[in-house]
Amino acid sequence: EIHQREYLCNGEMKPWNGKVQEVYSPVCIRTENGLQRKLIGTYPVCTEKEAFEALDTAVAAYDNGRGQWPTMSVADRIKCIEKFIGKMREQKDIVVKLIMWEIGKSYSDSVKEFDRTVEYIYATIDALKDIDRDSSRFTIEQGIAAQIRRSPLGVVLCMGPFNYPLNETFTTLIPAIIMGNTLLFKPPKHGTLLHYPLLKAFQECFPKGVVNTIYGRGNVIVPGLMQSGKINVLTLIGSSKVANELKKLHPKVNRLRAILGLDAKNAAIITSNADVKLAVQETVLGSLSFNGQRCTALKIVFVHRSIADDFVKQLSAEVNKLKYGMPWEAGVALTPLPEPNKPAYLKECIDDAVANGAKVMNENGGATVESFVYPAVLYPVNNKMKLYREEQFGPLIPVIPFDHVEETIEYLIESTHGQQVSIFSNNDKELASLIDPLVNQVSRVNINCQCQRGPDVFPFTGRKDSAEGTLSVVDALRSFSIRSLVAAKLTESNKQ
Ligand code: G3H
């Protein structure tokens with residue numbers, strides 16, 4: 001168990017004697033009262049007082065762009081981040097263990113999340129070196145020589161999601177800091193403890209006030225921060241409802257930059273020309289990796305009616321083979337869910353689909369044992385069901401037969417989401433005719449493969465309510481900075 005009794009503010013690990021939040025693992029243990037989530041630790045429930053103390057600290061460290069950090073050379077900032085990576089790697093074992101216990105991610109995926117994050121930070125450093133090299137060059141136009149630089153924006157409020165509590169958080173947090181901004185960081189509710197072993201590394205590697213942590217109930221401490229008008233950048237990976245509410249609280253919303261990764265309802269479109277076996281494999285991966293709790297997961301599957309029955313049969317057979325178990329078990333594909341209210345919500349979706357004419361097609365589909373929910377293939381799904389539009393963020397695969405591919409494009413046009421689509425077809429002409437209409441609806445079209453974020457050098461964004469701003473190694477550096485110009489008129493004497 002980890003009992004966190006400190007928070008990082010102004011370069012100090014401040015002791016916390018106030019209220020704490022108990023953290024229960026999705027992994028259950030047998031007790032006299034049946035299966036129960038295991039207590040794995042506690043963390044501080046800070047009040048607005050500590051949140052404002054952290055805000056004032058970040059504001060003072062930025063000091064309207066005059067602080068030590070925003071004025072430090074890029075090379076020196078990179079040295080701080082490199083030192084941080086070294087210290088972060090020393091904590092790998094404990095962080096990986098905490099990812100498994102806090103959010104139920106399998107061991108191999110937890111290791112992958114850690115390693116991917118470290119690689120992302122190295123790639124960020126390389127990208128920043130390139131930007132810095134470009135900034136030192138002069139562009140000469142119409143008798144004016146200019147250096148085009150990238151300057152920081154100010155104070156960043158950073159909130160990450162539970163599904164990639166380390167990786168998704170750090171793909172905003174690291175670029176935000178490295179560009180010279182100062183930071184308030186609120187870890188996700190499920191996924192707070194795993195950041196604790198890294199606090200000391202932040203403390204030791206960055207000047208005081210650059211990274212400050214806030215804990216507790218988001219709805220209590222975050223609104224006041226936004227209302228203060230002192231937050232220059234809001235970055236959040238989570239729900240569009242929360243993001244919109246927070247943005248509205250800012251007194252000068254036109255001065256707030258928002259970098260947001262939000263809701264998605266990514267669709268697979270499987271045409272009559274698809275390789276069914278491949279489509280099945282990719283649908284299983286795309287819909288059920290980490291129990292479907294990825295913003296990039298496939299959340300609805302359209303299949304041409306001529307192959308739909310065969311596809312569903314093969315899909316259900318593959319789902320039946322998946323191994324269900326504890327995060328540390330070898331070869332495990334499905335694990336317990338961290339959100340306590342999720343099993344009940346998924347049951348509601350299944351009941352609603354069944355009441356409206358769908359069937360559960362695989363063995364034990366939707367069966368629930370405390371925090372475990374067996375995946376369910378639901379077929380045929382129609383537009384009266386919750387699963388037609390709602391983002392289930394769990395192990396349910398709604399399958400809809402279609403007659404004309406235009407029906408699927410119509411679905412995307414009417415959708416409030418616009419992140420990705422996967423199209424399956426072995427007919428090049430058909431693919432070529434669909435790519436343009438699809439790319440005008442979503443930000444990424446995947447051909448004969450599942451939806452995903454990576455490789456992380458690729459732009460990651462979405463249309464409509466799915467995102468604001470773009471992330472990728474380079475795009476994130478741009479997102480957390482502003483272009484500025486140092487320009488001089490060329491004269492006879494300085495032309496050389
Ligand atoms: O939840 C959204 C993540 O960025 C997904 O990343 O596609 O690599 O699993 P992934």
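Strand S20 (residues 420-424) pairs with S21 in the parallel sense, over 4 bridges. Within this pairing, Ser-422 stands opposite Asn-446 in S21. The model is a predicted one.

The two strands belong to an open sheet of 7 strands, whose order is S15-S18-S19-S14-S13-S20-S21 and whose pairing is mixed. Strand S15 (359-360) and strand S21 (444-447) stand at the edges with a single partner strand each, so one side of each has no neighbour in the sheet. Helix H11 (residues 342-355) packs on the sheet, where H11 touches S15, strand S18 (376-379) and strand S19 (396-402). The direction of H11 makes about 25 degrees with that of S19. Helix H13 (residues 406-414) lies across strand S13 (266-270), strand S14 (298-304), S19 and S20. Relative to S13, H13 runs at about 170 degrees.

Next come two pairs of packed helices. Such a pair is described by the angle between the axes and the distance between them.

The crossing of H9 and H10 is right-handed. On the H9 side the contact is made by Val-276, Lys-277, Ala-279, Val-280, Thr-283 and Val-284. These meet Ile-307, Asp-310, Phe-311, Gln-314, Leu-315, Glu-318 and Val-319 in H10. By class, the residues of this contact are 8 nonpolar, 2 polar and 3 charged.

In the other pair, the axes of helix H2 (residues 74-90) and helix H6 (residues 196-205) come within 9 Å and cross at roughly 155 degrees. Because angles over 145 degrees count as roughly antiparallel, H2 is roughly antiparallel to H6. The crossing of H2 and H6 is right-handed. From H2, the residues Cys-80, Lys-83, Phe-84, Lys-87 and Met-88 meet Leu-198, Ala-201, Glu-204 and Cys-205 in H6. The contact of H2 with H6 has 6 nonpolar and 3 charged residues, and no polar ones.

Technical notes:
Residues numbered from 1 in each chain as written. Predicted model: local features only at pLDDT ≥ 70, side-chain atom pairs only at ≥ 80, totals over all residues. Left-handed = near helix turned anticlockwise from the far one by under 90°. Contact = placed C-beta atoms within 7 Å. Nonpolar A, V, L, I, M, F, W, Y, C, P; charged D, E, K, R; others polar. Pairing = 2+ DSSP bridges. Axes fitted to C-alpha atoms, helices over the stretch in contact; angles between N-to-C directions. Parallel < 35°, antiparallel > 145°, perpendicular 65-115°, else oblique.
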